[in-house]
Amino acid sequence: MSHIVDQAIDAIKAKLDDQPTITIITGDEAPSAKYDKKRGINEIRTPNDPYIMLHEYIHMWHFQTFPILFSSSDVIGVDFIELKCEIKPIFNTARDWFVYAELNKLCPDDFRTVILKDYKDYLTKVTKDDSENNQLILGLIFASANHWFKQDIPDFKNKDIIVNGLLSVDPCCPKVEKLKQIVNDLLKLYSKYDHIEEFNCWEVTKIDNLITSYQYLLDSLKKEITKYADEVQASLTAHKITKEQALIKIYEYGKGVSDSSKKSILFFMCLPIPGDRSIIEFTESILSGIDPSWETIL
Ligand SMILES: [Zn+2]
């Protein structure tokens, strides 16, 4: 990365009212920026990579400068699993569309190198994983490569929903209404949602007749995971296996479930996603034999 990136970080820092704590992360933890003045949270967690650090600093600048709805993931109308698995990835994709424009403005050469490399890498990943999350990642990379560098967009599942949703908004004008427009376009990935509105916080309207079948899926998942949690605890006690081995067991169980949404829900619920403390606490409570408390987590 060029020294331009370091200079850009300094430029963004100069715009911030409150300087965040920087925590350097390693391993699989996803980078993040969290800002909540009321709760005293003001932290960027980033690997020691100036380009990624700059990306997170731009999120922090959005948090501190733009209306909070531009950065907030507080949503009414969805449950925990829907928020984690479906709504948050949509918010992340929509926000990054604007963050990329800022990266292009601040360090155009580095931005070009990163996007074109990602574009090339992701061309080989088009058919490998067709989960909605993966489609969103592909869509953001391909739409960016097309918007900024006129690259062709290959076919992939839900290409039209994602790419058209992003390309219809000028990323150089970050506004809540524009963010909402992208979010609502991307929401079409899931047929159970109608639209998302912003009032005091984001609010999702669902399509009524589909809630029942989703509730059925949730109920059956509750049963399965609770049953499996008992099994894990019994195994832990009986065979004195380690917590890590138990986590692998849960993960393997998730992999064996054929239905793709079931699989991803199990994955999100049971694997401690680095950096996501509620999931870690939930998993640890399962493994310590404490009731997983579905009611409190959902
Ligand atoms: Zn981001």
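The coordinates come from a predicted model. The protein chain holds 12 helices and six strands, and of its 298 residues 30% count as buried. Among the contacts in the chain with a separation of 6 or more, 58% are made by residues 24 or more positions apart.

**The sheet and the helix packed on it**

Three strands make up an open sheet, arranged in the order 1-3-2 and with mixed pairing. Strand 1 (21-24) and strand 2 (32-36) each have a single partner strand and stand at the edges, so one side of each is left without a neighbour in the sheet. On average, and with direction ignored, neighbouring strands of this sheet are turned by 15° against each other.

Strand 2 and strand 3 (residues 41-46) run antiparallel and are joined by five bridges, and A33 has I44 in strand 3 as its bridge partner. Helix 2 (residues 50-65) packs on the sheet, where it touches strand 2 and strand 3, and its direction makes about 20° with that of strand 2. Strand 2 and strand 3 together form a hairpin with four residues between them, and in the turn G40 has a positive phi of about 70°.

**Helix 5 against helix 6**

Two packed helices are described by the angle between their axes and the distance between the axes. For helix 5 (residues 132-149) and helix 6 (residues 159-167), the axes come within 9 Å and cross at roughly 45°. An angle of 65 to 115 degrees would count as roughly perpendicular and one under 35 degrees as roughly parallel; helix 5 and helix 6 are therefore oblique to each other. Their crossing is right-handed.

On the side of helix 5, the residues that meet helix 6 are Q135, L136, G139, L140, F142, A143 and H147, and their counterparts in helix 6 are I162, V163, L166 and L167. By class, the residues of this contact divide into eight nonpolar, three polar and no charged.

**Two residues and their surroundings**

I22 lies in strand 1, while K125 lies in the loop between helix 4 (108-123) and helix 5. For each of them, the table gives a C-alpha separation from a residue elsewhere in the sequence.

| Residue pair | Separation in sequence | C-alpha to C-alpha distance |
|---|---|---|
| I22 and N42 | 20 residues | 9.0 Å |
| K125 and L138 | 13 residues | 8.3 Å |

How is I22 classed, as buried, partly exposed or exposed? A residue is buried if 20 or more other C-beta atoms lie within 10 Å of its own and exposed if 12 or fewer do; I22, with 13 C-beta neighbours inside 10 Å, therefore counts as partly exposed. K125 is likewise partly exposed, because 13 other C-beta atoms lie within 10 Å. When its neighbours within four places in sequence are left aside, I22 is in contact with I44 and T46.

How values were computed: Residues are numbered from 1 along each chain as its sequence is written. This is a predicted model: local features need pLDDT of at least 70, side-chain atom pairs count only at pLDDT 80 or more; totals for chains, interfaces and linings use all residues. Two strands pair if DSSP finds at least two bridges between them. Helices (H or I, at least four residues) and strands (E, at least two) are DSSP runs, numbered from the N terminus. Axes are lines fitted to C-alpha atoms, for helices over the stretch in contact, and angles run from 0 to 180 degrees between N-to-C directions. Two residues are in contact if their C-beta atoms, placed from the backbone, lie within 7 Å. Angles under 35 degrees count as roughly parallel, over 145 as roughly antiparallel, 65 to 115 as roughly perpendicular and the rest as oblique. A crossing is left-handed if the near helix is turned anticlockwise from the far one by less than a right angle, and right-handed if clockwise. Ala, Val, Leu, Ile, Met, Phe, Trp, Tyr, Cys and Pro count as nonpolar, Asp, Glu, Lys and Arg as charged, and the others, Gly among them, as polar.
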